[in-house]
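This report describes a single protein model, part by part. Please keep the sequence and the structure in view while reading.

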Amino acid sequence: MNISHHFDDATLMAYAAGTLSQGMALVVACHLHWCPECMKRVKQAEAVGGALLDNINPVAVSDSALDNLLASLDDVPPAAVEKVEAVKPTQSDLPYPLSTYLDKPLDDLPWKWIGYGMYQVDLNFGGKGAARLFKLAPGVSVPHHTHTGNELTLILRGSYSDEIGRFRRGDVADLDSDVLHQPIVDTGEDCICLIATDAPLKFTGIMGRLIQPFVGL
Ligand SMILES: [Zn+2]
């Protein structure tokens, strides 16, 4: 796979530290499944974190500290656990971490039409960090939008271009609230993406405001 767009170091470090939302951790785990370069950077971040822990001087803790720690382990999201399994071989064309969330092939999912050649499937993680699959018809132009928080996108099939460049299968877009962009899908085939946000998208143009209630992000 020829990957040309990767995650920021800040995103990979947050992933290594386990501080990303479940949806965002899933997008990162899926890219790592395909990208040895980002996997190497995550391992480096984990090594740095481990070295820092080794150099911390021991301090006295309360009697309940171990119980509290064990209780907090129950809250670890599945995606954080999956990062160690991300290199398992897979039978389908999906990255392994995503395939564990889907009971059907991409084409058989219950795609919901949201207008202008766009369809979505909500992975229903709930809470603050939404994760969805988006399917965009060939040639579709997504209305201009910015983000009120961060947005991570992994291309699973097809390709699109925006102000930043051309994004193909395996590439990721790691966007924050400063970016205003308008992805346009290439004409050959549908473009299917896995997208996680930690806050709603903010559409800016008139077309965007019309579809905002249907996207529900
Ligand atoms: Zn990468």
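This is a predicted model: local features need pLDDT of at least 70, side-chain atom pairs count only at pLDDT 80 or more; totals for chains, interfaces and linings use all residues.

## Helix 1 and the residue after it

Directly after helix 1, G18 adopts a positive phi of about 75°. The helix itself covers residues 9-17, and its buried residues are T11, L12, A14, Y15 and A16.

## The chain as a whole

The protein chain contains seven helices and 11 strands. Of its 217 residues, 44% count as buried. When contacts with a separation of 6 or more are considered, 69% of them in the protein chain involve residues 24 or more positions apart.

## The zinc site

Which residues hold the zinc ion? The ion is coordinated by H6 through ND1, H31 through NE2, and C35 and C38 through their SG atoms, at 2.1 to 2.3 Å. Along the sequence, these donor residues follow the spacing H-x24-H-x3-C-x2-C. Both C35 and C38 are buried.

The angles among the four donor atoms run from 97 to 124°, and the site is tetrahedral. The site is given this name because four donors count as tetrahedral if all angles lie between 85 and 135 degrees. For comparison, the ideal angle for four tetrahedral donors is 109.5 degrees.

In soluble globular proteins, nonpolar side chains tend to be buried together. In this model, the largest nonpolar core has 39 residues, and L98, L123, L133 and L194 have the most contacts inside it. Two or more residues each come from helix 1, helix 2 (22-34), helix 3 (36-54), strand 3 (130-136), strand 5 (151-157) and strand 10 (191-197). Helix 2 provides the largest share, with nine residues.

L123 shows how parts of the chain come together: apart from its neighbours within four places in sequence, L123 is in contact with L26, L98, L102, A131, R132, L133 and L194. There is also a second, separate core of 15 residues, which includes V142, C191, C193 and I195.

Strand 10 is mostly covered, as seven of its seven residues are buried.

Strands of a sheet pair through backbone hydrogen bonds, either parallel or antiparallel. Strand 3 and strand 10 run antiparallel and are joined by seven bridges. Within this pairing, F134 has C193 of strand 10 as its bridge partner. Strand 5 also pairs with strand 10 in the antiparallel sense, over six bridges. Here T153 stands opposite I195.

Another part of the model is an open sheet of three strands in the order 7-6-9, with antiparallel pairing. Which strands lie at the edges? They are strand 7 (166-168) and strand 9 (184-185), each of which pairs on one side only. Strand 6, residues 159-161, pairs with strand 9 over two bridges in the antiparallel sense. Y160 has V185 in strand 9 as its bridge partner.

## Two buried residues in a loop

W111 is located in the loop between helix 6 (96-99) and strand 1 (112-115). Is W111 buried or exposed? With a relative accessibility of 15%, W111 counts as buried, because the limit for a buried residue is under 20%. W111 and V121 are 10 residues apart along the chain, and their C-alpha atoms are separated by 5.5 Å. Leaving out neighbours within four places in sequence, W111 is in contact with L106, Y119, Q120, V121, L133, F134, K135 and I192.

L102 is likewise placed in the loop between helix 6 and strand 1. Its relative accessibility is 14%, so L102 counts as buried. L102 and L123 lie 21 residues apart in sequence, while their C-alpha atoms are 8.6 Å apart in space. Residues up to four places away in sequence not being counted, L102 touches L94, L109, L123 and L133.

Definitions and conventions. Residues are numbered from 1 along each chain as its sequence is written. Side-chain values use heavy atoms; hydrogens and water are left out. Donors are N, O and S atoms within 2.8 Å of the metal (3.2 Å for Na, K and Ca); water is not among the atoms, so sites may look incomplete. Four donors count as tetrahedral if all angles lie between 85 and 135 degrees; four count as square planar and six as octahedral if opposite donors are over 155 degrees apart and all others between 65 and 115; anything else is irregular. Buried means under 20% relative accessible area, exposed over 50%, partly exposed in between (1.4 Å probe, protein chains only). Helices (H or I, at least four residues) and strands (E, at least two) are DSSP runs, numbered from the N terminus. A nonpolar core is a set of buried Ala, Val, Leu, Ile, Met, Phe, Trp, Tyr and Cys residues joined through side-chain atoms within 4.5 Å. Contact means heavy atoms within 4.5 Å. Two strands pair if DSSP finds at least two bridges between them.
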